[in-house]
Amino acid sequence: MTEMVTPAGPPAPGARTPRPPRARRRVPVRGPHQAVRPGARLGGPLAALPWALPAFAFVGVLLVYPFVRSVYGSFFEDNGFTSEFTGFDNYARLADDPVFGRSLLNTLLWVAGTLLLPVLAGLVIAVATHRLRWGGAAQLVIVLPFAISGTATAALWYFMLSSDGAVNQALRAVGLDSWAQTWLLEWPQNTLALIVASTWQATGLNVVLFAIGLRAVPRDTVEAAQLDGATGWRMFRHITLPQLRAVTVVVVGMAIVNSLKAFDMIWILTQGGPSRSSETLALTMYRETFRLFHVGYGSAIALVLSVVVVASSWLYLRRQMPDTGWAKA
């Protein structure tokens, strides 16, 4: 008996037409032994050089060339128009220059002041406000001066410390006329006043960094120390302070570099006066080079300042991170 096959009619209205199955594309897969063939090279040692050339050029133009040019210029007596080779005369002049000696002393005072005051104040404030209910708001108020530029900070403190400024007027108003001083006109109190003004601005950044470090202290370590009876000073000395070592290295290193290159606040408040008594090495270099046109002598001072900055930073980091390979080199 022959079976009749009825041809399929047109699909009913609204019915979906089945799609033909999609052919899957086979993706080649390499085995572990086929990942890199022996002798195959993904790129030569100079493959990344074209990408690094713009960075090298940028650093060379802005850093390397000015440094080499300063070293070269320090061997000449140059006034900006004529130049004469003098060898090491500019460096011999440094030893006999009383202004350079005072600038070096002021620079050391700046380093000591900015290490003791802003770093210590930032650490104390960060620890004191760490677990307070309104500690974040207190830290914000202290951080605000850091958002002000150095020029604006100097203008504010000049209004306060000038001979007829706000500080002297407040002292006279409460009957303390004998305490009124010419804060910016006598050494060393002018340098000390500048350090206090710099501390007011720089403490905020240190508070932020130490606050970040305190939040990174493991809670389990603190709880274990509390179970052992550690509280107050013992907790801070044996638990908190060691945990903040990495942050302290950063804070102190930044304070050293910033103190050695301090310029804007000193220039606006005293311009290095009176009689150049409050100058630091950075300010002396600027005055000799751009005001007195002793370009060769200013280059020698700049080189000395660069050596002091690099040597101080390297010695400090080598002492704080003795286990690193570059510190041992």
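Start with Arg93. Its charged end sits over the ring of Tyr297, 3.8 Å from the ring centre. By "over a ring" I mean NZ of Lys or CZ of Arg within 6 Å of the ring centre and within 35 degrees of the ring normal. Arg102 lies over the face of Trp187, at 4.3 Å from the ring centre.

Some ground rules. This is a predicted model, where local features need pLDDT of at least 70, side-chain atom pairs count only at pLDDT 80 or more, and totals for chains, interfaces and linings use all residues. Residues are numbered from 1 along each chain as its sequence is written, and side-chain values use heavy atoms, with hydrogens and water left out.

Now ring against ring. Rings of Phe, Tyr and Trp (its six-membered ring) pair if their centres lie within 6.5 Å; planes under 30 degrees apart are stacked, over 60 edge-to-face, the rest tilted. That rule gives 11 aromatic pairs. One of them is Trp267 with Tyr286: edge-to-face, 5.3 Å centre to centre, 80° between the planes. This pair links distant parts of the chain, 19 residues apart: Trp267 is in helix 11 (residues 264-269), Tyr286 in helix 12 (residues 281-291). Helices here are DSSP runs (H or I, at least four residues), numbered from the N terminus.

Tyr286 also pairs with Phe290. Their centres are 5.6 Å apart and the planes at 40°, so the pair is tilted. These two are 4 residues apart in helix 12, about one helical turn.

Last, the cluster: Phe263, Trp267, Tyr286 and Phe290 form one aromatic cluster.
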